[in-house]
Amino acid sequence: MAELQEVQITEEKPLLPGQTPEAAKEAELAAQILLDQGQTHSVETPYGSVTFTVYGTPKPKRPAILTYHDVGLNYKSCFQPLFQFGDMQEIIQNFVRVHVDAPGMEEGAPVFPLGYQYPSLDQLADMIPCVLQYLNFSTIIGVGVGAGAYILSRYALNHPDTVEGLVLINIDPNAKGWMDWAAHKLTGLTSSIPEMILGHLFSQEELSGNSELIQKYRNIITHAPNLDNIELYWNSYNNRRDLNFERGGDITLKCPVMLVVGDQAPHEDAVVECNSKLDPTQTSFLKMADSGGQPQLTQPGKLTEAFKYFLQGMGYMASSCMTRLSRSRTASLTSAASIDGNRSRSRTLSQSSESGTLSSGPPGHTMEVSC
């Protein structure tokens with residue numbers, strides 16, 4: 001029998017010389033904080049450079065969550081309240097995030113020279129493949145607001161195999177008509193660029209109330225050092241082409257879609273019309289009360305809950321703790337199945353922060369759900 005030899009097994013992650021366990025723990029925490037701060041990259045595209053910030057590490061067999069912000073904002077001012085919300089942490093632990101800034105909208109961006117030709121929204125959508133190729137990501141779940149929602153929709157039309165789902169807030173898929181152009185020109189004679197953009201972002205009720213939120217964003221936009229760049233993005237948005245969605249036609253979004261809009265928001269009618277043009281078996285419509293023009297800023301809790309259910313419906317996070325919304329909705333759907341089993345799968349959701357209820361169900365069928 002061979003003689004047994006004593007083998008010394010060293011610690012897998014040995015402490016540095018003179019380092020205490022407490023110091024090692026602090027170093028690990030510091031590394032985690034650095035990871036949570038995100039890593040910012042820039043990549044050249046056929047239409048100029050685009051900047052994006054990545055949070056977390058890629059998860060096997062899971063898409064990245066990719067966000068695109070609205071006019072007058074960048075990824076931080078548009079999405080930070082949502083992704084820093086407490087209940088959102090369970091989601092972001094399961095997905096790597098990519099926050100794209102439109103060219104010239106990132107913090108510290110230099111002002112473009114006079115005469116610079118800003119990319120169209122279609123060209124901004126064509127920049128996204130360069131971002132995904134740089135990161136070696138194959139699929140995404142897109143979250144866009146306003147102009148960003150349009151850009152992600154255009155990208156999904158061009159690259160349907162790379163988009164697993166879309167959350168579109170305040171999307172207007174239509175090009176401006178002559179009446180819209182006349183109204184826009186007339187408004188431009190009496191209002192400044194910041195005021196026109198604020199009117200795009202928020203409802204008239206919010207602007208009249210001049211809440212702390214409105215004051216904050218009015219100050220951000222009015223005193224933005226890159227206001228000239230913002231105006232270029234604004235002009236591109238107003239020159240967008242019609243997405244030409246057609247229910248039952250060839251031009252439609254192939255992936256699951258959640259449309260979100262606040263009641264009395266500037267884009268309420270456009271989102272309702274968009275919902276009527278998309279596949280009802282793939283589309284959920286969430287109309288949020290008491291959320292104003294920017295639900296991701298004013299109602300991050302309810303939007304987080306709806307987003308979590310949306311992900312669970314796609315087959316992700318199935319083992320996570322179900323939210324009150326999804327638990328109640330599952331029970332309601334089960335109890336209603338015997339009655340409405342043959343009805344359309346189209347869903348319309350409407351939330352009220354005042355009553356604390358959520359209605360959900362096919363057209364003609366309403367279910368009150370405690371949330």
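Strands β1 (residues 39-45) and β2 form a hairpin with two residues between them; helices (H or I, at least four residues) and strands (E, at least two) are DSSP runs, numbered from the N terminus. The two strands pair in the antiparallel sense over seven bridges, pairing being assigned if DSSP finds at least two bridges between two strands. The model is predicted, with local features requiring pLDDT of at least 70 and side-chain atom pairs counted only at pLDDT 80 or more, whereas totals for chains, interfaces and linings use all residues. Residues are numbered from 1 along each chain as its sequence is written, and side-chain values use heavy atoms, with hydrogens and water left out.

Strand β2 (residues 48-55) is also joined to β4 (residues 97-101), in an antiparallel arrangement of five bridges. Here Phe-52 has Val-100 as its bridge partner in β4, and Thr-53 stands opposite His-99. Six of the eight residues of β2 are buried, so β2 is largely enclosed by the rest of the structure; buried denotes under 20% relative accessible area, exposed over 50%, and partly exposed the range in between (1.4 Å probe, protein chains only).

Strand β4 is joined to β3 (residues 64-68) as well, by four bridges, and these two strands run parallel. His-99 of β4 is the bridge partner of Thr-67. Five of the five residues of β4 are buried, so this strand too is largely enclosed by the rest of the structure. The side chains of Arg-97, His-99 and Asp-101 point one way from β4, and those of Val-98 and Val-100 point the other way.

Ile-65 lies in strand β3 and counts as buried because its relative accessibility is 0%. The C-alpha atoms of Ile-65 and Val-98 are separated by 6.1 Å, although the two residues are 33 apart along the chain. Apart from neighbours within four places in sequence, Ile-65 is in contact (heavy atoms within 4.5 Å) with Phe-83, Ile-91, Phe-95, Val-96, Arg-97, Val-98, Ile-141, Val-143 and Phe-307.

Among the helices, α7 (residues 193-201) and α10 (residues 227-238) pack at an angle of about 50 degrees, with their axes 11 Å apart. This angle makes α7 oblique to α10, since angles under 35 degrees count as roughly parallel, over 145 as roughly antiparallel, 65 to 115 as roughly perpendicular and the rest as oblique. Axes are lines fitted to C-alpha atoms, for helices over the stretch in contact, and angles run from 0 to 180 degrees between N-to-C directions. Ile-193, Pro-194, Met-196, Ile-197 and His-200 in α7 meet Leu-227, Ile-230, Glu-231, Trp-234 and Tyr-237 in α10. The residues of this contact comprise eight nonpolar, one polar and one charged, where Ala, Val, Leu, Ile, Met, Phe, Trp, Tyr, Cys and Pro count as nonpolar, Asp, Glu, Lys and Arg as charged, and the others, Gly among them, as polar.
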